[in-house]
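Trainee: Could you take a close look at one residue and then work outward through the rest of the model? Please give the cut-offs for the terms as you use them.

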Amino acid sequence: MRLLTEHHRSAAARSAARVRGPDGGSPADRVLRLQRTAGNRAVTALVQRRGPHRLPEGAITSARLGELGTPEETAFRRRVYDAQQERALRTKRYFSGLTRAQLGSVDGSPIHKVAEPDARALVAAARADLKTDQDAGDALALACSAVGVGNAYRDPERDLRAWTRAYNKYFKATKKKREKLDDPFGDDAVAIVVKALIPKKAVPGFSNHTTGLAIDFSTVQGGVPLGPDAGQDELWAASWLYGWLGRRASEFRFTQLPSEKWHWDHAGGSPDATGDAATGRTTRSPAPTTAAAPATAAAPAGATARPGVTFGSRAVTSAVASSSLDILRDVLAAAGLTRATISSTARTATDQARAMYQNLVGRGRGQGVEAQLRLYGSAGDAVINVFVEKRDGGSTPDAIKAAMRDKIVELGPTRVSRHCGDPATLNVFDVAPSSLGDAAAQAAFVAAARGEEGGRVSRFIPYPDDPGHHFEIRP
Ligand SMILES: [Zn+2]
């Protein structure tokens, strides 16, 4: 697994170098540079502002955000970022993340070494107690098929990607409110988006996950995978794992973030817990571990055999090169898994319409009109609008799918979905989450796939951000 530090620091340095680049270039370049310079000025002002906390050298700033459709949109997103960052600095310090040497792992996710023994012991105890409760015939325990760690440490680079996704979501969600303003890109509009984002997603460097001391747990209760999703609050409250955490997590020095039932913070070595305003880079000396013995990470069975990959009925074997299959097998092996099923591959416009239709009428996570609008870009949204129009007009499923297909063809299939790409230049496929196993297996798989992202894998979108674990690989 590849874990931040050098790679990301140099990316930040490259970005900074671009900002300071010489004059010249195309007019578009100059506009870009002006925006970046403006963004940097705002950041400099922040750094110099008198207050409890300042941005450290190398912090991720709005200058790192890329281009949007129009210069207005690009500048707007940077102002939202700056405003949210400024708010965060009023009460918290920027944290730059951990070095490789500071990281351990729990259940396939990286975590601060200080919290690793407690975290492992907690997961082992939860699984042992689940088994005991199941053997005793406890109905709630019997309906719980997996407990594990969804994710723990996230470096600021990963949080930048997560923030960008959240921005897209809340930019869309606040559209009506913003459009009522005299200036839809003015300060009031910025404030509206910031207000929507603050309770949902921290700017990079301010998430508790960046200290490596937070865990988002995952579980499967009644066949439903539960993750970091506010929409699942009631399901979490009624889950076996949440009840267990309430009873026993404190033994392992974890406490719940009151606003999120899945998010628990470890007490040991938390820089913010002490209110000590250091640079934000130093790590406290390790806290004494509890008496509970750390669980050993047993080598998964069958890890020596080469993992098997099968294709679902909708997947086209010729759309995935053998070199891409090899990479998938490596990811499976790294996660200690033995098999996976590819549920979908590159699609024709007809296939794409059918797949979108299924996800629009589906009721699972990531499905339904709202979730799909968040997933797709503007071209995909246009196809979704056709679905809504035709459905509300009482068309039959076949007529709806035909109208969606026509819209896809009209827009250009590759603009709607990367799944419509040419398999000769980009292999696009989804791995069925159900083919991997329980929540722990999912987490291990996601961690292993993320380790390849940016290298042999050009893009990876985990379930439930995508309906399947989505891969894009250049063959
Ligand atoms: Zn969390």
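Mentor: Start with R178, which counts as partly exposed because 18 C-beta neighbours lie inside 10 Å. On this scale a residue is buried if 20 or more other C-beta atoms lie within 10 Å of its own, exposed if 12 or fewer, and partly exposed in between, with the C-beta atoms placed from the backbone. The model is predicted, so local features need pLDDT of at least 70 and side-chain atom pairs count only at pLDDT 80 or more, while totals for chains, interfaces and linings use all residues. Residues are numbered from 1 along each chain as its sequence is written.

R178 sits in helix α7, residues 175–179. Helices (H or I, at least four residues) and strands (E, at least two) are DSSP runs, numbered from the N terminus. Leaving aside neighbours within four places in sequence, R178 is in contact with P184, A189 and I192; contact requires C-beta atoms, placed from the backbone, within 7 Å. For I192 there is also a C-alpha to C-alpha distance: 7.3 Å from R178 in space, against 14 residues in sequence.

For the setting, the chain has 17 helices and twelve strands. Of its 475 residues, 39% are buried. Among contacts in the chain with a separation of 6 or more, residues 24 or more positions apart account for 72%.

Two other residues deserve a look for their backbone angles. Most residues other than glycine have a negative phi. D107, however, has a positive phi, near 55°. D107 lies in the loop between β1 (103–106) and β2 (109–112), and counts as buried because 28 other C-beta atoms lie within 10 Å. R253 also has a positive phi, near 65°. The place of R253 is the loop between α10 (240–248) and β6 (254–257); with 19 other C-beta atoms within 10 Å, R253 is partly exposed.

Next, the sheet. Five strands form an open sheet with mixed pairing, in the order β8-β9-β10-β12-β11. Two strands pair if DSSP finds at least two bridges between them. The edges are β8 (308–311) and β11 (459–461), each with a single partner strand, so one side of each has no neighbour in the sheet. From one strand to the next the twist averages 30°.

Within that sheet, β10 (residues 427–431) has five of its five residues buried, so the strand is largely enclosed by the rest of the structure. In a regular strand the side chains alternate between the two faces of the sheet. In β10, N427, F429 and V431 point one way, V428 and D430 the other, and all are buried.

β10 is joined by two bridges to β9 (residues 339–344), and these strands run antiparallel. S344 has D430 of β10 as its bridge partner, and I342 stands opposite V431. β10 also pairs with β12 (residues 469–473), over five bridges in the antiparallel sense; there V428 is opposite E472.

β12 has four of its five residues buried, so this strand too is largely enclosed by the rest of the structure.

Last, a helix pair. Two packed helices are described by the angle between their axes and the distance between the axes. The axes of α11 (residues 322–334) and α17 (residues 439–452) come within 8 Å and cross at roughly 130°. Axes are lines fitted to C-alpha atoms, for helices over the stretch in contact, and angles run from 0 to 180 degrees between N-to-C directions. The two helices are therefore oblique to each other: under 35 degrees counts as roughly parallel, over 145 as roughly antiparallel, 65 to 115 as roughly perpendicular, and the rest as oblique. The crossing of α11 and α17 is right-handed, meaning that the near helix is turned clockwise from the far one by less than a right angle, with anticlockwise being left-handed.

I327, V331 and A334 of α11 make the contact with F445, A448, A449, G451 and E452 of α17. By class, that contact has six nonpolar, one polar and one charged residues. Ala, Val, Leu, Ile, Met, Phe, Trp, Tyr, Cys and Pro count as nonpolar, Asp, Glu, Lys and Arg as charged, and the others, Gly among them, as polar.

Terms used: Two residues are in contact if their C-beta atoms, placed from the backbone, lie within 7 Å.
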